[in-house]
Amino acid sequence: MLKRYLVTSILVGAIFLTGCEKNDKAASTLSTSVDEQIITAESVRAPVPLVLTLAQKEYYYKEYSAIVNKLNEEYGTGFKLDPITSFSANYWLELKDFEDMLKGRIDTSYVVVDNKEVFSPVKVPKFVELHMGAHRTMIRVDGSFDTQLSMDIPGGRQLFSVMHSLSSTIEQGKGYWTQTGYDPSIKDQGSAYNIAIGGYYSYNGVSSPHIIEIEYYCNIHGGIT
C-alpha cells in the first residue's frame, strides 16, 4: 500500500516538532505529473559568484534580506536567510541572480520512491526526491519499528506495535537538510504508518520549510516496505 506524493507549491511555514507535534499552519498541494517538473540543466544559466570585500558582503546580505522578505510577502513563502557567517564564497550572487534563484524555488515538489525491497523493522530506509527548479536532492529517511503477531485477524498476521525513531538526511545532491520533527499515525488496523516529516532545506544561503509525507507498510510476515 505504498503511495507516491507530489507537492507543487512551497509549503507556507515550517513545522517545529519534537516527537509527535506539528504546526497546523503548514500545508501542501498535490501535483499531477513528475515530468512536468523536469527542467534540463542546459536551460538554466549558472550564475557567477561574486568576489566581495567584507563591507560589500554586509551590503549584499542586507539586500538579500530585503529580497527574501519581498518574496515571502508576495508569494506567501517561508524563506529564511541563513546567518551571514554560514555563507560560502559561492553564495554571493548579483542581486538579480539571487532573486531568480529564489523564484526558482517557489514551485517545489517531492516524490516518495516506492520501496522495491522488504526490510527488517529495525531499520527501514525510504528515499524522497526533492525537486526545486533544476535541482534534484535525494533525502534518505530511516524508520525503526517493532511488530507483533496479532490473532485478531483470521489466520493471524504481523502488525506494527510501536515506532521507535525516524531520522532523515540528504543522500545525494546539493544543499543541507535539517529535520525538525515528525508526526506518525498508525492506520489500517496496524498494518501501516503514515508519517509527516518536517524540516528545512538550505541552499545558497536560504532555508525553506517543507513537510514530507511517507508511508511504511507491514506485510503478514512482519517485513516492512
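1. A starting definition: a residue counts as buried under 20% relative accessible area, exposed over 50%, and partly exposed in between. Asp 100 has 34% relative accessibility, so Asp 100 is partly exposed. Please keep in mind that this is a predicted model.

2. Now for the partner of Asp 100. Lys 96 makes a salt bridge with Asp 100, with the closest N and O atoms 2.8 Å apart. Both residues sit in helix H2 (residues 95–103), four residues apart, or about one turn of the helix. Lys 96 counts as exposed because its relative accessibility is 58%.

3. Lys 103 and Glu 99 form a salt bridge whose closest N and O atoms are 3.5 Å apart. Here Lys 103 is partly exposed at 37% relative accessibility, whereas Glu 99 is buried at 16%.

4. Next, try the strands. Glu 215 forms a salt bridge with Lys 187, the closest N and O atoms being 3.3 Å apart. Glu 215 belongs to strand S8 (residues 206–217) and Lys 187 to strand S6 (residues 176–187), so this pair ties together parts 28 residues apart in sequence. Glu 215 is buried, at 3% relative accessible area, while Lys 187 is partly exposed, at 26%.

5. Which residue is buried yet has no salt bridge? That is Arg 157: the nearest side chain of opposite charge, Asp 188, is 8.9 Å away. Arg 157 lies in strand S5 (residues 157–172). A polar atom of the Arg 157 side chain is 2.3 Å from the backbone oxygen of Cys 218.

Definitions and conventions. Residues numbered from 1 in each chain as written. Predicted model: local features only at pLDDT ≥ 70, side-chain atom pairs only at ≥ 80, totals over all residues. Heavy atoms only, no water. Helix = DSSP H or I, 4+ residues; strand = E, 2+ residues; numbered from the N terminus. Buried < 20%, exposed > 50% of the residue type's maximum accessible area, 1.4 Å probe, protein only. Lys, Arg positive; Asp, Glu negative; His and termini not counted. Salt bridge = Lys/Arg side-chain N within 4 Å of Asp/Glu carboxyl O. Polar contact = N/O pair within 3.5 Å; in protein donor to acceptor, adjacent residues only side chain to side chain.
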